[in-house]
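My plan was to look up a few things and jot them down as I went.

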Amino acid sequence: MLLGTRKYGKKVETLLTFVCGALLGVVIVSCISNIASKSENTEKHTPNTSNGGELSERVRISCMILTSPENIISRAVHARDTWGRRCDKLLFISTEEDASLPAIKFDVPEGWKSIWAKTKAAFRYVYDHHFNDTDWFLKADDDTYIVIENLRLLLSRYNATTPVYLGRRFKPDVAQGYMSGGAGYVLSKEALRRFVHGMSDKRLCKEAGEANEDIEIGKCMENMGVVAGDSRDEFQKETFFPFKPEFHVTSRKAKSRHKEFWFWNNWTYYPLVEGQKGMSDKAVSFHYIKPNMMYFLDYLLYKLQPDGINFSNLQNQEKS
């Protein structure tokens with residue numbers, strides 16, 4: 001009887017030793033994993049993407065960047081390697097093919113006078129070949145910088161099946177206003193359908209020829225019943241900017257400003273609030289961005305993370 005008890009006790013002791021060892025192993029592995037995870041997060045900062053995954057699935061954007069053969073190396077490749085990577089579909093529109101981008105060739109003359117013809121050809125191409133790939137269709141220049149995540153957030157307020165287009169809204173020449181070409185503008189799926197079906201109708205759209213592309217497409221949109229949407233944020237701050245960031249963060253009161261520059265003089269559709277007070281913290285675009293600045297903006301937006309700063313508190317302080 002005593003011998004059996006000893007054997008039983010020994011088995012229990014062995015079992016307890018095994019269980020304790022297994023638990024200790026789990027704890028050690030868990031600790032190592034946590035340390036590795038923290039190290040990886042420190043070395044590879046991932047920007048805050050709350051809602052980003054859901055929006056990237058629900059709000060899909062085709063990006064058309066207008067460029068030219070002489071700007072492929074000096075501009076276009078840098079747009080491709082920075083913000084262009086975040087588009088769901090990326091197309092470069094040029095007058096020569098270039099497999100490195102790739103760029104699509106259109107048989108229109110090169111130069112400012114042909115931008116209107118080039119823009120119409122680009123929208124027709126994306127309608128014919130990629131209409132069902134995405135729901136929103138962005139036109140930008142090769143020196144425009146787009147924050148795609150913020151564009152998705154803005155577009156999530158709208159339905160792509162309704163005729164609407166958005167950008168930085170100017171007021172001259174078109175009753176409902178038109179969107180700045182340099183800041184970029186985006187058409188809903190229904191707006192694109194109407195534009196392509198009606199662009200050859202002289203009663204609705206100007207024929208190819210010398211013209212201000214952004215004004216002419218604004219006239220087309222109005223004639224086709226496409227609404228010029230409000231791209232401001234919930235605090236009525238602008239999100240699309242037709243100039244460099246440093247231009248917009250200061251006001252005409254700065255000594256370096258030309259007070260009579262057209263932008264300051266009753267050009268914007270909504271009341272102009274100068275400086276940072278009129279700029280949304282969900283900015284979508286800037287224009288006249290040189291290649292070095294594109295990479296710099298990418299770093300500031302997607303890499304730099306000031307330690308100890310609570311952005312929610314900063315936003316609340318600025319609003320109060």
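I started with W262, which is partly exposed, since its relative accessible area is 34%. I kept in mind that this is a predicted model. Next I looked up F261, which also counts as partly exposed, at 28% relative accessibility.

Then I counted pairs, and the total came to 23 aromatic pairs. One of them is Y165 with Y185: the ring centres are 6.3 Å apart and the planes stand at 80 degrees, so I noted the pair as edge-to-face, the cut-off being over 60. Y165 belongs to strand 6 and Y185 to strand 9, so this pair ties together parts 20 residues apart in sequence. I went back to F261 and W262 for their geometry: with centres 5.4 Å apart and planes at 45 degrees, the pair is tilted.

**Charges over rings**

R86 places its charged end over the ring of Y302, 3.7 Å from the centre. R232 lies over the face of Y270, and its distance from the ring centre is 3.7 Å.

**Helix 6**

How many residues of helix 6 are buried? I got 7 of 10 for this helix, which spans residues 189-198, so I wrote it down as mostly covered. The buried ones are K189, E190, A191, L192, F195, V196 and G198. They pack against helix 4, helix 7 and strands 4, 6 and 9.

**The second largest pocket**

I then turned to the second largest pocket, which holds about 700 Å³ of space. Its lining has 30 residues, and W112, I115, D141, E213 and H287 lie nearest the centre. Helix 4, strand 4 and helix 7 each supply at least two lining residues, and helix 7 gives the most, with 3.

**D143**

My last stop was D143, in the loop between strand 4 and strand 5. D143 is buried, at a relative accessible area of 9%. Leaving out residues up to four places away in sequence, I listed its contacts as R75, F286, H287, Y288, I289 and M294.

Conventions. Residues are numbered from 1 along each chain as its sequence is written. This is a predicted model: local features need pLDDT of at least 70, side-chain atom pairs count only at pLDDT 80 or more; totals for chains, interfaces and linings use all residues. Side-chain values use heavy atoms; hydrogens and water are left out. On a 1 Å grid over the protein atoms alone, a cavity is a set of points where a 1.4 Å probe fits but cannot get out, and a pocket is an open set with protein on both sides within 12 Å along at least five of seven lines; lining residues have an atom within 4 Å of a point. Grid points are joined across faces, edges and corners, and a volume is the space filled by probe spheres set on the points. Helices (H or I, at least four residues) and strands (E, at least two) are DSSP runs, numbered from the N terminus. Buried means under 20% relative accessible area, exposed over 50%, partly exposed in between (1.4 Å probe, protein chains only). Contact means heavy atoms within 4.5 Å. Rings of Phe, Tyr and Trp (its six-membered ring) pair if their centres lie within 6.5 Å; planes under 30 degrees apart count as stacked, over 60 as edge-to-face and the rest as tilted. A charge sits over a ring if NZ of Lys or CZ of Arg is within 6 Å of the ring centre and within 35 degrees of the ring normal.
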